[in-house]
Amino acid sequence: MKSKNKKVICALLLVICALLSYFLWLSLRPVEIIAVHQRRNYSDVLVKNFPLTEQGKINWWLKNKKMLKDMYNIPKPAQDGFFTVIFWCFGDGYKETDGYDRLCFDDMKPPINCIDKDSLIMVNNSKNTGLYFILDSGTYRINDSGKMVKNKSD
């Protein structure tokens, strides 16, 4: 009986260690920027290996906004400071339009110029609201003290 319990415990520990290793590997992969498409002060950034958590996504933006500006000239704010940057999961790559729910880019030649709509984070800035992040669970802002705050209405 004791031998059987030890085997079960060892098997469970092995599975737990494998899962933890997998999630650690997922979180340590570098973000890969595939392409940037721009229309005036709107930028669409196609990525692979984006952070899994909402806090990780926001932290990635905060840590890499200078690199994005230097390498890709994004964001491109309007005169009043407004801009939107949307990060999209590149997934299976560019596809043909389905005529319904794919995001297609005008700066590419059809037919293979669309992606499945799978947004990861939207970063917005405006004169009235300042910098804010829209994610699946709601909208986050950085308050005056530098703390991340989720909007109460979300």
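Where does asparagine 49 lie? In this predicted model, asparagine 49 is in the loop between β2 and α2. Its phi is positive, about 65°, although the residue is not a glycine. Its relative accessible area is 24%. Buried would require under 20% and exposed over 50%, so asparagine 49 counts as partly exposed.

The loop from β2 (42-48) to α2 (54-72) also holds phenylalanine 50. Its partner is phenylalanine 87, in strand β3 (residues 83-89). The two ring centres are 5.2 Å apart, and the planes meet at 25°. Stacking calls for planes under 30 degrees apart, so this pair is stacked. The residues come from parts 37 residues apart in sequence, so the pair ties those parts together. Both phenylalanine 50 and phenylalanine 87 are buried.

The structure has six aromatic pairs. Ring pairs join Phe50 and Phe87 with Trp60 and Trp61 in a cluster. Another ring has a charge over it: the charged end of arginine 141 sits above tyrosine 132, 4.7 Å from the ring centre.

Now follow α2. This helix has 19 residues. A straight helix at 1.5 Å a residue would reach 27 Å, but the end C-alpha atoms of α2 are only 23 Å apart. The helix also has a kink of about 55°, centred on asparagine 64. Asparagine 64 is itself buried, as are Lys57, Ile58, Trp60, Trp61 and Leu68 of α2. Strands take part in covering these buried residues: β1 (32-39), β3, β7 (119-126), β8 (130-135), β9 (138-142) and β10 (148-150) are included in the cover.

In soluble globular proteins, nonpolar side chains tend to be buried together. Here the largest nonpolar core has 18 residues. Trp61, Phe87, Ile121, Val123 and Phe133 have the most contacts inside this core. Two or more residues come from each of β2, α2, β3, β7 and β8. The most come from α2, which gives four.

Just after α2, asparagine 73 takes a positive phi of about 55°. A cis peptide bond joins isoleucine 74 and proline 75, with omega about 0°. Proline 75 is in the loop between α2 and β3. Another cis bond runs from proline 110 to proline 111, with omega near 15°. Proline 111 belongs to the loop between β5 (102-104) and β6 (112-116).

One more loop deserves a look. Arginine 40 lies between β1 and β2. Its phi is near 50°, a positive value in a residue other than glycine. Is arginine 40 buried or exposed? Its relative accessibility is 73%, so arginine 40 counts as exposed.

Definitions and conventions
Residues are numbered from 1 along each chain as its sequence is written. This is a predicted model: local features need pLDDT of at least 70, side-chain atom pairs count only at pLDDT 80 or more; totals for chains, interfaces and linings use all residues. Side-chain values use heavy atoms; hydrogens and water are left out. Rings of Phe, Tyr and Trp (its six-membered ring) pair if their centres lie within 6.5 Å; planes under 30 degrees apart count as stacked, over 60 as edge-to-face and the rest as tilted. Buried means under 20% relative accessible area, exposed over 50%, partly exposed in between (1.4 Å probe, protein chains only). A charge sits over a ring if NZ of Lys or CZ of Arg is within 6 Å of the ring centre and within 35 degrees of the ring normal. The expected span of a helix is 1.5 Å times one less than its number of residues. The bend at a residue is the angle between axes fitted to the seven residues ending there and the seven starting there. Contact means heavy atoms within 4.5 Å. A nonpolar core is a set of buried Ala, Val, Leu, Ile, Met, Phe, Trp, Tyr and Cys residues joined through side-chain atoms within 4.5 Å.
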